[in-house]
Amino acid sequence: MRIPIALVLLVLFQIPAIAQQCQATLSGRVLDFHDQTPLAGATVLVLGQQKAALTDLDGRYRIEGLCEGDFEVELSHPQCLTLLYNLEIKGETRKDFEMEHHLEELEEVQVFGDILADQSKTGQEQRLSTRTLEDYSSASLGDALRTLSGVSSLNTGSNIVKPAIGGLTGSRVLILNDGVRMQDMEWGDEHAPNIDINSADQVSVVKGAAALKYAGDAIGGLVIIERERIAVKDSLYGKTLLNYVSNGRGGSASTELTRTFASGWYLNGQASYKKLGDREAPDYILSNTGMQEVGLSLHTGKRLLNQGWDLDYSFYRADIAVLRASHIGNIDDLIGSINSGEPSVVEPFTYDLGVPRQEVTHHLAKAGYYLRIKGLGKWTAQYDFQNNRRFEYDVRVGADRNKPAIDLELTTHTLMTDFTWDSSRDLKVMAGVLGRFQDNFANPDTGVRRLIPDYQKYDLGGFLTGEYRFGPDWLVEAGLRYDYNRIDAQKFYRTSRWEERGYDEDFADIVVEDLGTQLLTNPVLDFHNLSATAGARRQLDAHSELRANYAFAQRPPNPAELFSDGLHHSAARIELGDLRIGNETSHRVSLAYEREGDRWGLTLEPYLNHIQDFILLEPTGVEFTIRGAFPVWSYRQTDARLLGFDASGYYRWSAHWESQHRFSLVRGKELDQDVALINMPAPITRNTLIYRNPSWKGLEVGLESTYVFRQNEFPPNISVFSPSQQEEVVLEINTPPDAYHLLGLRAGMQFPLGKGLNLSSVLTVENLLNTRYREYLNRQRYFADDLGRNIILQLKLNY
Amino acid sequence: MKTRKFLAFLAFSGILLASCSDDDDPDPVNEEEVITTMTVTLTPQGGGTAITLQTRDLDGDGPNAPVVTVSGELSANTTYNGVIVLLNETETPAENITEEVEEEDDEHQFFFTVGGGLNASIAYANFDGNNNPLGTEFTLTANDASTGTLAITLRHDLKKPNDGSLADAGGETDIAQTFNVVILP
């Protein structure tokens, strides 16, 4: 409901400023495209003459004193997307316009200001600005998301950042990349989303499973990445970003070019490259933490108001070295690492990526079509193909030295279609169906037993959602979704493991072949998942609104939770899934108060997430092998309750000074045993003081303080038998590190170079004071300190 | 037109789903670099019955713990020649890993830790090309009668030369096994 201030100023002040002897007039009506009702309050602006008018209650407008000729007319409305028309003005010109009075996810027209569609009208939702995305151009999507309150991350070092929403991560957080649900082995803790942050134009985070049109199993939430909307006009534009990163002695480059045509055609290409050497903690080099990343995307299509199609392809490749000191041999090494507080391997700086190392490649291709039927609604259909290949190289000897220890290939085809009935001003209904086929291939040539088996997965889903507006202030929405999943796996079990798990009694019928020490089995598992949501939104005044939402969601277990079985060499832990694991069911109730005023703004978001049969992975003991003892991490189901509160706000002290504040807290508890849940983010508060002076080349300086409390609620440690000490010792595997405080600095300036060229530069300093710290949700906290000071210099050229 | 397109999509998806399934059984993985068995044979230098210390873990990283056996007691004031043999018994015939270790002798080393009051000492009997200890052969001198432990550790990718302690050597552990040993008078 925000009216672009710039436009209002333009209308108010510029009309009287131009008084010429031109005599032509332009008049007509502005109507809603869907139901042909008049649109009041739309602005009709004749570009080049700076003359404008607002439509009255009947949608009528009239502009007088216009010069004759061919002009572009810009049509805007607070609840519509801005349109541009070419028009010949001659004498008494009459022209009626149609505008789309509802905002859609697939937009065909130019975007104005920050009028953006909400993914969930009544749930909790936050959005990342393009500027934040650009600031994190040399980092990762997870790093940028973490700036939002309520979003944290589970890290493996600083290059593998897995987003967590409301304390939940992994398969509970879905990532939608331009309408495509990412299928990139999100089940592993050390698997980051395979997305180049530079390919994202807009990112929103929906907390909880409140956006059923995408998926029903987002118990944590959704990260929705969208591309910028394409204007239907002749234009060529682009941007290039260059980053120098001091910590890692590298940088990144990203460039993007878009060509649009008045006929609706468009072509967009984007490429980026990043290279970093070993990162550095305040006191030492974090040996083997470099990385290299390549991203490429191509988009083309034709978008008109009534129909359009798109073809997209994107490629992502990341080679990420994993801290050498985090590769440990057995439990004595782990005890040694935890006790010594120093990494066991520190070598001189290098750009080389040694072992352990991940090499991940992701291809995504998509074809989409939409058809808008006047007075009825919009139909869309989409097919996408994804191929994800993951190699993990480990510390190995002899002939196997250069062989990957993990080699998985995940191929996914998805077909979906939906229809939106939006012809009514007050009621909008959407229904859709989806079919998906997925194949996972675990290459046996690794010479290491498969951690994840070969499997085929079939998904079928359908949803119905609706929203209804009554009066100017109220909106209610509701939705229902059903998904069916079938996993057909072929898995080898060690006979000893098969018996230890008791599968010989419960699953004797799925054994296909007995190979002596191994059994080939064929588990076929079916899951039925229901999800539903209901919510209401009330506009309190021009600046504030209140939202309430209840989301019921069910999530089927992922392949790791079901099948994981074996030694994770790089993590030195044995991970055990369980075939008996079933759905987990979440009931999430959330409230949101949002106020966005000129002087101050405030967002308060409390929530309760009650999860039945919550699937968790925790250390449960040790198993002995000839190489020593290894901690065992097992999956287990329990009832859990997460209670959280996110808050953010800003205050503009004067024309130049602003302060921004954020706070997040979540408490997770296991209900039967009354113990804390593992890996819950510690409370965090982030406060920023900003000085702006637009007249000094757009100068903006911000000082940011981030304080992370110590996580005082954690499950008990386990005690293990240490072979080298020949006694039971307490393994402090769950003890969180101390609280820490980091200061950051950001300074930016802009230099217009004329002819549409704009250069801006940003200097960012992270961990300004080079503070030594460890983060609870970094899986490498046992082995080394987190990153020390990092200086990033960014140059951005818009053209 | 809409319906027809939708039906075409459905038909296409059907073909897609049907054409992708394959029912070939996957190949089992036989782990190559696994050491399942370490046998230490201690032969008295003056002749007599050899004593063997063995650890055997046929299911590798599986749930079963290694089976540790010590064939008998050592005699006081006796020096034994020790020989270590490493096997991968998941393959038939069993693969001898000792040869691999001896070929890459500059990257491997055995460590012997006497503990728990055992009155014995160890000396390396074979060395790598740089004359640093390897330890697939060694001598064990049993002194006075006592009871205690002998821990044998094999490391690779370690620092060589090192001061003889595990902490200084670093590297990756291939074997870590502690044996309970008795020296009879």
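Predicted model: local features only at pLDDT ≥ 70, side-chain atom pairs only at ≥ 80, totals over all residues.
Residues count from 1 along each chain as written, chains are lettered from A, and ligands are numbered from 1, in written order. Local features need pLDDT of at least 70 and side-chain atom pairs pLDDT 80 or more, while totals for chains, interfaces and linings use all residues.

Me: Why is A:Arg227 called buried?
Reply: A residue is buried if 20 or more other C-beta atoms, placed from the backbone, lie within 10 Å of its own; 12 or fewer makes it exposed, and in between it is partly exposed. A:Arg227 has 20 C-beta neighbours inside 10 Å, so A:Arg227 counts as buried.

Me: Where does A:Arg227 sit, and what does A:Arg227 touch?
Reply: A:Arg227 lies in the loop between β15 (221-226) and β16 (235-245) of chain A. Strands here are DSSP runs of E, at least two residues; helices are runs of H or I, at least four; both are numbered from the N terminus. Leaving out residues up to four places away in sequence, A:Arg227 touches A:Asp178, A:Asp201 and A:His299. Contact means C-beta atoms, placed from the backbone, within 7 Å.

Me: What makes the group around A:Leu222 and A:Val223 a nonpolar core?
Reply: Such a core is a set of buried Ala, Val, Leu, Ile, Met, Phe, Trp, Tyr and Cys residues joined through C-beta atoms within 7 Å. The largest one has 96 residues, and A:Leu222 and A:Val223 have the most contacts inside it. Strand β36 (residues 600-625) of chain A gives the largest share, 7 residues. The contacts of A:Val223, beyond four places in sequence, are A:Leu145, A:Pro163, A:Val173, A:Ile175, A:Val203 and A:Val205. Another core, of 29 residues, lies apart; B:Val34, B:Ile51, B:Leu74 and B:Val101 are among its members.

Me: How do you know that β9(A) and β14(A) pair?
Reply: Pairing requires that DSSP find at least two bridges between the strands. β9(A) and β14 (residues 202-207) of chain A have 5, in the antiparallel sense. A:Glu125 stands opposite A:Val206 in β14(A).

Me: What makes β9 and β13 of chain A edge strands?
Reply: The open sheet has 5 strands in the order β9-β14-β15-β12-β13, with mixed pairing. β9 (124-128) and β13 (180-181) each pair on one side only.

Me: How do you know that β10 and β11 of chain B pair?
Reply: β10 (residues 146-156) and β11 (residues 172-184) of chain B are joined antiparallel over 11 bridges. B:Thr147 faces B:Val182 in β11(B). Both strands belong to an open, mixed sheet of 4 strands, ordered β4-β11-β10-β7.

Me: Which residues of helix α4 of chain A are buried, and what covers them?
Reply: In α4 (residues 331-340), A:Ile331, A:Asp332, A:Asp333, A:Leu334, A:Ile335 and A:Ser337 are buried. Their cover includes β36, β37 (628-652), β42 (718-722) and β43 (727-731) of chain A, together with β11 of chain B. Just after the helix, A:Gly341 takes a positive phi of about 70 degrees.

Me: How many residues of chain A and chain B are in contact?
Reply: 50 residues of chain A are in contact with 44 of chain B. The chain A side has 19 nonpolar, 18 polar and 13 charged residues. Nonpolar covers Ala, Val, Leu, Ile, Met, Phe, Trp, Tyr, Cys and Pro; charged covers Asp, Glu, Lys and Arg; the others, Gly among them, are polar.

Technical notes
Contact = placed C-beta atoms within 7 Å.
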